Amino acid sequence: MSNMKRFLALIIMILFAIVLTACGDSSEESGGGDNTSNNDTEENANSDEESDESDEAYSFTIMANLHTPEVPDEKVLNKIEEATNTDVEIQWVPDNNYEDRLNTAFATSSLPQAVFMKNQTTFLQFREAIEDEQFWELDDYLDEFENLKKLKENVQDNTRVNGKLYTLYQGRPLSRQGIIYRKDWADNLGLAAPTTTDEFMEMARAFTEDDPDGNGKDDTFGVTDRSDLVYGAFKTVASWFGTPNEWGEKDGQLLPEFMFDEYKQTMDFFKEMHENGYINQDFPVTSKTDQQEFFKNGSAGIYVGSMGDVISLYNDAVAINPEVEFDVHNQVKGPHGEFGIWAIPGFGNLVMFPKSSVETEDDLRKILAFFDKMMTPEVANTAYWGIEGEHYEVVDGFAKVLDSEVSEREVKPYQAIEIGEAETSGRYEGYFEYEPKAKSEELFKDNENYLIENPTVPLYSETFVQDGARLQQIITDATYNYIIGQLDEAGFEAAVENWQSQGGDKIIEEFNASE
Amino acid sequence: MGTSTVIQDKNTLKKKRKSETWKKLRKNKYLYLMIAPGLIYFLIYKYLPMYGLIISFQDYKPYQGIMGSEWVGFEHFQRLFTSPEFWMIFKNTLVLFALQLLIYFPVPIILSLMLNEVRHSLFKRGIQTIVYIPHFMSWVVIVSISYVMLTLDGGIINEILDSIGLSKINFLLNEDWFRPMYILQVIWREAGWGTIIFLAAITAVDPQLYEAARMDGAGRFRQMWHITLPAIRNVIIILLILKIGDVLELGFEHVYLLLNSSNRNVAEIFDTYVYVAGLQQGQFSYSTAVGFFKGGVGLVLVVFANWLAKKFNEEGIY
């Protein structure tokens, strides 16, 4: 009997321990909560002090994407607050799980006053709520603000819902896609930058088989890619083959990209690279970090993606191997003899203002006034480049970053709340000593002559909004499985048919009808 | 007349019973007071939120609220049951559950029986500590370690296979390898931790029984079979029922981390489906319906397991 008691006592103790750990968790959370409430009281204290003055700093919250591992220090933010006479709290949400936090906040009506949307897809998910007037329509207000007025009309049109504007956009170059490759390896093997897809394949082959680093070991491969068909290599290569950007016209009808032969050619191209070992074998499950690691540590020689990444890649690579040399390149012609490159709709991110948290027009005006000031050269420079003399200096009218590591930590996160672009806000463009980085900026401009746009951006399909993401999964899975050889052509066709029957046909119909 | 007396009798009986209940309540008021915090916890955190299940019968729009959203009845359930993915997800969930039950569940029992036979106390404690450690690692760490070992691009296991002349195996992108990988990782992380309760139960066995058995010439194995195992049988049964109650808690995080385009056919389970449909794609009502259905399956299994336990003359959990 006493044994039974001892046993029970033990069980109780274990349960107790579990409860304790659970409490630990929750106290951590409430600790976080305390923090914010501390901030609140501080804010209140501040505003109490300032309440004698008539110009009280307006306080509100912004939810924004965090692209760096850590929440930044508030130095830059304080400067922005000072210049805009506001008291801004930024809810940083890691970019990786931005969607769920956004949806959770929305579902529980706890969206803050200014909400960044992340991208076109998430923006589309909110379409219904926007149509239901859950967010402030901005058309009537923008004219009151001299800087917001300057935002580009054609980009704004891409974000209109039923002809009405609900967002401020954050401008980004229309296409940053291209190749970053090992210049030193190419020189060793006597290769020039690839100008056609065949030359690209040849380079991938040579980097894999011809011992480009000259160490006598078979320890290199060509292309490093990751589990992302859009921002990884696939979509850019598809553009070279002439595949449309998401949707394209065939026989007078809008059809999704994967119904085009060019899409299949691209898959075959990847399949060939995969079979021959010219690309990392596990790329469908490779993370961005691992993908870049292969490039930095000298395992792979070709990186297809945003050419601007060349500088961060180089900074890390040179620490491993001081001899390393990179170069960037954009124009690769497909078998049809032309070069094309897919474009984003002119914005990287969008910010919206929910009526649930911005209660009056007066509040909206104050928040818009903040973003208006964000578009003055002075504040835009602070948000984008940091503090002059500390984070950057001006060289010939360009901003030159002083210490890229410090900037990465203290400034770069704030680029996520930028509105407009250098052209409209008048902030400095970058000055880069590292030559390939400067070249990449030029190639962005060159890309603009060869853009492949997504024709469905201004169009609307209800089924696409509702089921588009789920249906896309079918195609994404099939594409990967085709490339790694677990699905044949008939299997891919079956997946496309599956896509069609589960709602794809309706999407095609709706997009074509809304033209 | 007769009927009215019967009714009267019934009424007095009812009153009597009622007053008895009150008496009992008053008599044990401190005991009831003690369970109050637990009750309140369950009411607030487990039962009250169930009110949100209403949205699975609605076309829920957050800004219209639970009261204001349109009522659509069983539409979402219909969509779930007619969806081509439904049977795949249902099957995958049950298969992983079966693996947990048949392969994972016995491991901690065997492990604790083995630990119990270790006589050297310092050695035994050392081993115990070592096998507990993986439990404190997050799934992210465990899945990442497996990834690093199994990848085709320089993973150590494939390098070894290659160096002894075997062909490389595509562990990560092959759906045949998902289930073995899943269950091995579960064992790796949880088996050691799972021994705690069994070891506690084993210490409660009366040592005289072993002495007696030894006198009768029983060896180690006989002692284990005829004394230790029967002694912890009810603990095993209770844990088994609890385990079945967790049937559909297959570890969302774990499966989600392992899931990729090439193993979705075997790796998509209810939890991952709910996460993607609900939180990433914002289909709140539909994903609630899926979660509701999953909860229903879990309930049926627990009731069934409990019934089964009672059938075999064991104590159930209720």
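Met201(A) lies in helix 9 of chain A, which covers residues 197-209. The model is predicted, and every value below was computed from it. Is Met201(A) buried, exposed or partly exposed? Met201(A) counts as partly exposed because it has 18 C-beta neighbours inside 10 Å, whereas a buried residue needs 20 or more and an exposed one has 12 or fewer. Met201(A) can also be placed relative to Gly222(A): the two residues are 21 positions apart in sequence, and their C-alpha atoms are 8.8 Å apart in space.

**The domains of chain A**

Chain A is divided into three domains, and their residue ranges are as follows.

| Domain of chain A | Residues |
|---|---|
| Domain 1 | 51-172 + 347-419 |
| Domain 2 | 177-342 + 437-458 |
| Domain 3 | 459-515 |

Between the C-alpha centres of domain 2 and domain 3 of chain A there is a distance of 25 Å. Their contact takes 15 residues from domain 2 of chain A and 14 residues from domain 3 of chain A. On the domain 2 side, two elements of chain A give two or more residues each: strand 8 (253-256) and helix 11 (261-275). Helix 11 of chain A provides the largest share of that side, five residues. When the residues on the domain 2 side are sorted by class, ten are nonpolar, three are polar and two are charged.

**An open sheet in chain A**

Five strands of chain A form an open sheet with mixed pairing, and their order is 2-1-3-12-4. Strand 2 (86-94) and strand 4 (168-171) of chain A stand at the edges; each has a single partner strand, so one side of each is left without a neighbour in the sheet. From one strand to the next, the twist averages 20 degrees.

Which way do strand 3 and strand 12 of chain A run relative to one another, parallel or antiparallel? Strand 3 (residues 114-116) and strand 12 (residues 347-352) of chain A run antiparallel and are joined by two bridges. Within this pairing, Phe116(A) stands opposite Val351(A) of strand 12 of chain A.

**The contact between chains A and B**

The contact between the two chains takes 31 residues from chain A and 22 residues from chain B. On the chain B side, helix 10 (175-203) and helix 16 (270-280) of chain B each supply at least two residues. By class, the chain B side that touches chain A has twelve nonpolar, seven polar and three charged residues.

Key: Residues are numbered from 1 along each chain as its sequence is written. Chains are lettered from A and ligands numbered from 1 in the order in which they are written. This is a predicted model: local features need pLDDT of at least 70, side-chain atom pairs count only at pLDDT 80 or more; totals for chains, interfaces and linings use all residues. Two strands pair if DSSP finds at least two bridges between them. Helices (H or I, at least four residues) and strands (E, at least two) are DSSP runs, numbered from the N terminus. Axes are lines fitted to C-alpha atoms, for helices over the stretch in contact, and angles run from 0 to 180 degrees between N-to-C directions. Domain bounds come from an automatic or database domain assignment. Two residues are in contact if their C-beta atoms, placed from the backbone, lie within 7 Å. Ala, Val, Leu, Ile, Met, Phe, Trp, Tyr, Cys and Pro count as nonpolar, Asp, Glu, Lys and Arg as charged, and the others, Gly among them, as polar.
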